[in-house]
Every structure is written in C-alpha cells, then in structure tokens.
Amino acid sequence: MTATILDGKAFAAAVRAKVAEHVTRLKTDHGITPGLAVVLVGEDPASQVYVRSKGKMTVEVGMASFEHRLDADTSESALLALVEKLNNDPTVHGILVQLPLPGHLDSDLVINSIDPAKDVDGFHISNVGLLGTGQKSMVPCTPLGCLMMLRAHHGSLSGMNAVVIGRSNIVGKPMAQLLLNDSCTVTICHSRTRDLPGVVRSGDIVVAAVGRPEMVPGDWIKPGATVIDVGINRVADGDRTRLVGDIDFASASAVAGAITPVPGGVGPMTIACLLANTVTACCRANGLPEPEGLAA
Ligand code: NAD
C-alpha cells in the first residue's frame, strides 16, 4: 500500500483562507478587526523566527498584529503588568506569550494570568479544564491542527482506536482529549510504556509527538492506519542538516493508509490554527456566531 499524503501546507492555506473570509465579514458587517498580541521575552533565535512569521501571517489574513518584545531580564511583575494591560485592551482578542520564557520567569504563573477568553494558545488551566470536561474552550493550536486534518480525511472518528505517543501538556495530552471528545478509544504512550510497538500496532490512528528522529518504523504501523507526525527533529545529512519527524516516513508510508510528511505536514497547521483561534475568540467576545469548522 502507498499512503495518501496529508498535505499540511494545502490544509493550512485553506484554514487561513477561511479565517481571512471571516475577518473580512467581521470588518464589513460589524466594524470589528480581530487583533492578536504576541509577547516575546528575550532573544531566543527560534522564538524570534516564530514570532516574526506569526506576525506576518496575522497581517496577511487581515487581522491586527501587536508585537511586544521585552528584554531577557524583564521582571515578572513587568510582564504580568503587560499581560493585564492586554487583557483589558478591547482591540486585542488573542494573547500569546511565546514559550520558553527565560528561567527567572514562572511560565505557569504568566500563562494563567492571561484572560482565558483571550488565551489563543489554550494553555490556561481554565481552558485545559474546559477541554477535559468537553466544554467550549480555546484548544492548543498543534493538536487542533491534527484534529482538523483527521476530521477532513475521515469525516467521523467515532469508535476508532487512537494511539498518541507523548504526554506533554502542549501536544500529547490535549491531542488525546480531543480524540476522546470525538469518541475515539484512546491510548496515551510515553517513555515508560511497555511494548510500545504492540500498542502502536493497535492504532487506526497514530499521533507521534515525542521529539526522537524517525523512532517509529513502518512495522509498528497497522496496515491502512492514519499516521500524524508532530515531531520536528533536525538531523545531520552530510555537511548539512534536514528536518525529519518521529515517524520513519519511508517505511511507514508503505504501510499506512494516510500520513503527514515532515516538513509540510502538521507544522504549517499550527500557525493557521492560532489565527483560527483568534477569530473564534473575537467572535465569542462580541457575541457573534463563530466560523464553522475552525474550532474543536
Ligand atoms: P516533550 O519533550 O514535552 O514531550 C515528549 C513526550 O514524548 C514525553 O511525554 C515523553 O514521555 C515521550 N517520550 C520520550 N521518549 C519516549 C520514548 N522512547 N517512547 C515513547 N514516548 C517517549 O515534547 P513536545 O513539546 O510534546 O513535542 C514533541 C515533538 O513535537 C517535538 O519534536 C517538537 O519539536 C514537536 N512539536 C511540533 C509542533 C508543530 O507545530 N508541528 C508543535 C509542538 C511540538
């Protein structure tokens, strides 16, 4: 079998187009421009790249982008004061504090100081609790992107066996919760799981979010399964480097029914879902109907 390639770039472009269409409607019908504020503390190079591309794509879909760059030695009280200001700013509908924060800042404290209604990363404990109890929430962007691709490919996920490898708060756990909310039978694997190959082989859906290059070979995959590879790993390739996922794409794509590539799979969906969450937050804040298909 040769797997269908789930093209994350194309999915993400479709999500951004839907967001842009809704933004235009909010502007013309209601005079509202959705706004996303991104806060970056320090000069971590990878974070700077993420923040720049988030700002660029925010503007491209017609939303307002507010960037706040703070020095690496910014005090916790100064950061909390900025978040409070953004919480109270009616032109800001989404707030994202770029992680990781410098070591002297308490990430949990800062994230939990964001108004949950503006928490477009979905990391606030209120949103985690709402998702866990199946209520309307802000959902973390990467698992939301995976869910959108799975729903687009399968329609209903009801009754499928889903195996999630990784139990982080930003990917593994919310992914498992979303799949459970869509009536999958979910198994969460981690570094202490016994017989990982056997468990993975039970999955009609496999989501890998580990951070270990190509650790899942094709012979762990159930024939015909749908494989979502969240991993982003840089490996040496001669005198260059290249990106690979947590799945061994060559062997897995010969067995799976559908698979996301790396790069070009889950990655592009993450920022698209951040924009989707911002437009959803804007609609909720203004008591307007939410766009269809952009939330969990
Ligand atoms: P993390 O380090 O927080 O969590 C990794 C998880 O993998 C842990 O729960 C751990 O128990 C599990 N694990 C480690 N070794 C294992 C093993 N041998 N067998 C089974 N499980 C094992 O990582 P994370 O933040 O969840 O990210 C995971 C990967 O996803 C990374 O490569 C990261 O770069 C990538 N990522 C991609 C996006 C995206 O936009 N595509 C977003 C977030 C993370």
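## Terms and model

On a 1 Å grid over the protein atoms alone, a pocket is an open set of points where a 1.4 Å probe fits, with protein on both sides within 12 Å along at least five of seven lines; its lining residues have an atom within 4 Å of a point. A volume is the space filled by probe spheres set on the grid points, which are joined across faces, edges and corners.

The model is predicted, and totals for linings use all residues, whereas local features need pLDDT of at least 70 and side-chain atom pairs count only at pLDDT 80 or more. Residues are numbered from 1 along each chain as its sequence is written, and side-chain values use heavy atoms, without hydrogens and water.

## The largest pocket

The largest pocket holds about 1,200 Å³ of space. Its lining comprises 41 residues, and Y50, T142, I232, G267 and T270 are the closest to its centre. Because domain 1 (30-117) and domain 2 (141-268) both contribute lining residues, this pocket lies between them; the domain bounds come from an automatic or database assignment.

With six residues, α2 gives the most to this lining. Helices (H or I, at least four residues) and strands (E, at least two) are DSSP runs, numbered from the N terminus.

## The second largest pocket

About 470 Å³ of space lies in the second largest pocket. Among its 21 lining residues, F123, V128, N169, I170 and P174 lie nearest the centre. The largest share of this lining, five residues, comes from α7. Domain 1 (30-117) and domain 2 (141-268) each supply at least three residues to the lining of the second largest pocket.
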